[in-house]
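This report goes through one protein model for a reader who has not seen it before. It covers charged pairs, a helix and the core.

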Amino acid sequence: MSYEPDSIVKKFIQAAIDPNRVVPTTGPLSPTLDVEWRFVGDESQFRIHYADPNTGFNCGWHRDDDHPELGAVHFQYYLPDREETNHEAAQFEKQIPTEILWTVLDRLFQERLPELTME
């Protein structure tokens, strides 16, 4: 795990994921997971984004102002073989950042990666 851009000016956390732990398998390069939280007044915004350098696939949950038609939170994913990015509305029951992160990790590895990357 590393801080980006560095340990002094922490903007977000980037974790390297062992490619052997990803299902379906990927590799040999380690996928990354970026976690960024910002607070704008009383509202929190976040970006939790997975990227696989082996396949070009990436996806993530974002709470920002980029897609207001989808609500406060959206899930987006890029399918490199189709060269298309898709966006879907998303929501979380919990509002505490760590609880949202654990929910995202469960959804990412148990549901979304197998669903979106299996052929």
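Is R47 buried, partly exposed or exposed? R47 is partly exposed, with a relative accessible area of 28%. Here buried means under 20% relative accessible area, exposed means over 50%, and partly exposed lies in between, with a 1.4 Å probe and protein chains only.

The model is predicted, so local features need pLDDT of at least 70 and side-chain atom pairs count only at pLDDT 80 or more, while totals for chains, interfaces and linings use all residues. Residues are numbered from 1 along each chain as its sequence is written, and side-chain values use heavy atoms, with hydrogens and water left out.

**Salt bridges**

A salt bridge is a side-chain nitrogen of Lys or Arg within 4 Å of a carboxyl oxygen of Asp or Glu. By this rule the model has five salt bridges. The table gives some of them, including the distance between the closest N and O atoms.

| Pair | Closest N and O atoms |
|---|---|
| D34 and R47 | 3.8 Å |
| R38 and E36 | 3.1 Å |
| E88 and R112 | 3.2 Å |

D34 forms its salt bridge with R47. D34 lies in strand β3 (residues 32-40) and R47 in strand β4 (residues 43-51), so the pair ties together parts that are 13 residues apart in sequence. Helices (H or I, at least four residues) and strands (E, at least two) are DSSP runs, numbered from the N terminus. D34 is buried, at a relative accessible area of 12%.

In the pair of R38 and E36, R38 is partly exposed at 31% relative accessibility, and E36 is buried at 19%.

E88 forms a salt bridge with R112. This pair links distant parts of the chain, with E88 in strand β7 (residues 84-90) and R112 in helix α1 (residues 97-117), 24 residues apart. E88 is partly exposed, with a relative accessible area of 27%, whereas R112 counts as buried at 12%. Salt bridges that share partners join E88, R112 and E115 into one network.

**Helix α1**

Helix α1 bends by about 45° at L108, where the bend is the angle between axes fitted to the seven residues ending at a residue and the seven starting there. Among the buried residues of α1 are I100, V104, L105 and L108. An α-helix has 3.6 residues a turn, so residues three or four places apart point the same way. The buried residues of α1 pack against β3, β4, β5 (58-63), β6 (73-79) and β7.

R107 also lies in α1 and is partly exposed, with a relative accessible area of 24%. Not counting residues up to four places away in sequence, R107 touches W61, Q91, F92 and R112, a contact being heavy atoms within 4.5 Å. The side chain of R107 reaches the backbone oxygen of Q91 at 3.3 Å.

**The core**

A nonpolar core is a set of buried Ala, Val, Leu, Ile, Met, Phe, Trp, Tyr and Cys residues joined through side-chain atoms within 4.5 Å. The largest one has 22 residues, of which L33, Y50, F57 and W61 touch the most other members. The elements β3, β4, β5, β6 and α1 each give two or more residues to this core. Its largest share, six residues, comes from α1. With residues up to four places away left out, the contacts of W61 include F46, R47, V104, R107, L108 and R112.

How values were computed
A polar contact is a pair of N or O atoms within 3.5 Å; within protein, one must be able to donate a hydrogen and the other to accept it, and residues adjacent in sequence count only if both atoms are side-chain atoms.
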